[in-house]
Amino acid sequence: MASLETLHASSSRCLAGAHTAMRPSMRQSRQSPRRRPQSGHVLAQLTSAGQETGTAVAEPGLAGVPTPVSRTPFVDANEQTILNTNPNRVGLGDFTRNDGGPPRFMCPIVPGATPSVPRDQLPYLIYLPGIDGTGLAAYKQFPALCRNFQFEALTMPPHDRTWFPGLLEQVEHFLEERVAEFPPERPVYLLGESFGGILALAVATARPDLVDRVILVNPATSYPNSIWPTLGPLLPRVPQSVYDAVPIALAPVLGNPLSLAAAGIDRSLPLQEQAAGFVQGVTNLIPQLGALTSILPPATLAWKLRLLAEGCRYMEGRFGEVQARVLLLIGDSDLLIPSKEEGERLEKLLPRCVVKVLGGRSHAMLQEAGFDIMGELESEGFYTIRRNTSTPVTRRSRDRFGTSNAIDLPTPVELENLAGRSLSWLKRLTSPVFFSRDASGSVQRGLAGIPRTKPLLFVGNHQTYALDIGLLVEGILKETGILPRGLAHPVIFSGAGNSNFGSFMQTFGAVKVGPSSFFRLLRAGEAVLLYPGGAREAYKNKGEEYKLFWTEEPEFVRVAARFGATIVPIAAVGCEDSVEMLLDAPELRSLPFVGDRITQTAMRIPQARRGIKANGTEDEMFIAPLSVPKPPERFYFSFGEAIVTSKEDANNPQRVRELYSQTKAALEGDIAWLLRHRQRDPYRHLSRRLLYETFNRGQQAPTFPLPPATSVRR
């Protein structure tokens, strides 16, 4: 097996060690009707002995042998192979000749890159390559990947003619067999570069149960918006002598030649030796670029361009279905495709996408000097050895976010970064303060008083516009590790609301409010966040500040008691003092000319409590008051004393009503407690608070002193 050093020094050898014989996958999975090969293209099947059966039809005008879909060989390079005195070597030549084989997976083993723990205890990662198909474009990242993942890579021989649905199915089948061997808490990653980014997104869309995290490097989803749909088809038609020179001519477009040549230099060496290494890198770069014409002969290039277009068509309209967390690494100097603009587009389309634009990086950033993919993953908190889910999982689920199934929690760094991107301005302006009560009723700063046993039911008061929810959820998760799964108004899931807010809510566990969602969450042992006042309480009228609008039905208490959930009231104040209401809902509905339209629009919005009288007086309608902002007040949250329920309580209507009244009274009492004591906070108002925190380099301003323990009760 060739080492990394050998690969860097010569384009004729590659990294992958392998068994001499390839083995087909063990079983064939069911094929989803949506992913069947396109009509007119009969894809060959592979028997368990690895022989083709059936008839294969090639795309007209393209040379090469169509390849089977349903079973994917695996090139297994294990430790024993590497330790043999005469290990098998796989060179670029093995990938460029027409071996009649289908796409396959290889397991690169890098000498000296042995992980500190057994590979089966590491996260699992599959690398999906660009149109070169060798799986070797990222070889300079292989040592780090091998140390931190059980790492395997897809390779596609140049003469393979598998259609995009076939490639998708092959990766699915291979991944399904792999993941079946893993415990459900083991993370599964896809790393897709260029064309591989399209394929990675397609796999994540088709099989959300198999993919937890996706890393995209300059994904080619921007191909239709580049020059290549026009220019690309012309390249295979040029004379061979001209075609052979294309890679050299395109070198500045593919990547930064100086950075590519300097990638293998040891910066700890003396300058003279570094200079010699750079010259050697330039010398090696030319034959490596020239090898592209062998990897991508004219007919293969024409086929790969069609694959790019086909993959982009497949993903059209499907980006919103990607449930996995996505880290999108973009080179702002990518001259091959408009990656920078595509990053902005995908950030809006993918529900859980973090974009990182890397200055000076090109399309081939994985091969450039100084680029460290593990460094990027760790800086974004995207690397984790174990899935941390909202409740323990025993199996993988196709449906996660937006449902009552367990979801993956963000890593601490991800949470910090997400809060920084989404909540930093609000946190800066409101400087939220948290209090909690322990079992004795004593108040303390922070959330140490929250019980850690689940199921938990957090019951809160909606403030106007519910602007404080993000801060509340982030604060609970950061300090306790508990994710409160919000029961959100249907408008968030209908598209009628703010899509960014809806994605944020789903990412942090929100589900559509309803009896079945509430029941399933508590049954699964989750922590649930409920606002019994609903939209009526979030969109109050004038003069209704901090008033509760609960129905008279104590049903949520009965369901909580059925599962022995602990109820924790959460009082919140500050938000309602930060807006000046100009027109409330009744005034908006009574406006001439537009009032009827406002009412009709509100009636078309899905209702959370249609037909139920809020507070026994009026129906819930989703009409936001017209307000203007005021200098924001400080936000305060008080977590009340835990209210314990039991299964026996659920069968006692009188006890259920007592618990309901106790919860409501505790919440109203804590609201009054916060309103009273915040008067003693010297930094309640914005100007003085900002001044303190600015001059103290972001340190949070102190708040009011807690009263003596003997007088903390309401």
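Leu125 stands opposite Phe151 in strand E6, and that contact belongs to a parallel pairing of E5 (residues 124–128) with E6 over 4 bridges. Strands here are DSSP runs of E with at least two residues, helices are runs of H or I with at least four, and both are numbered from the N terminus; two strands pair if DSSP finds at least two bridges between them. From E5 the chain crosses through helix H4 (residues 142–148) to E6, a right-handed β-α-β crossover, meaning that with the strands pointing away from the viewer the path from the first strand over the helix to the second runs clockwise.

The model is predicted, so local features need pLDDT of at least 70 and side-chain atom pairs count only at pLDDT 80 or more, while totals for chains, interfaces and linings use all residues. Residues are numbered from 1 along each chain as its sequence is written, and side-chain values use heavy atoms, with hydrogens and water left out.

Back to E6: strand E4 (residues 104–106) pairs with E6 in the antiparallel sense over 3 bridges, and Arg104 has Thr155 as its bridge partner there. E6 itself (residues 150–155) is mostly covered, with 6 of its 6 residues buried, where buried means under 20% relative accessible area, exposed over 50% and partly exposed in between (1.4 Å probe, protein chains only). In a regular strand the side chains alternate between the two faces of the sheet. In E6, Gln150, Glu152 and Leu154 point one way, and Phe151, Ala153 and Thr155 the other.

Among these, Glu152 forms a salt bridge with Arg178, with 2.7 Å between the closest N and O atoms; the criterion is a side-chain nitrogen of Lys or Arg within 4 Å of a carboxyl oxygen of Asp or Glu. Arg178 sits in helix H5 (residues 164–180), 26 residues away from Glu152. Both ends are buried, Glu152 at 1% relative accessible area and Arg178 at 10%.

The whole structure holds 31 salt bridges. In another of them, Arg398 meets Asp209 at 3.9 Å, N to O. Arg398 lies in the loop between helices H15 (373–379) and H16 (412–422), and Asp209 in the loop between helix H6 (195–206) and E8, so this pair ties together parts 189 residues apart in sequence. Arg398 is partly exposed at 40%, whereas Asp209 is buried at 10%.

E11 pairs in the parallel sense with E22 (residues 636–639) over 4 bridges, and Phe435 has Ser638 as its partner. E11 and E12 make a hairpin with 5 residues between them, and Gly441 in the turn has a positive phi of about 90°.

As for cysteines, a search of the whole structure turns up 0 disulfides (pairs of cysteine sulfur atoms within 2.5 Å). For Cys107, the nearest cysteine sulfur is that of Cys146, 7.1 Å away. Cys107 is buried at 9% relative accessible area, and Cys575 is buried at 2%.
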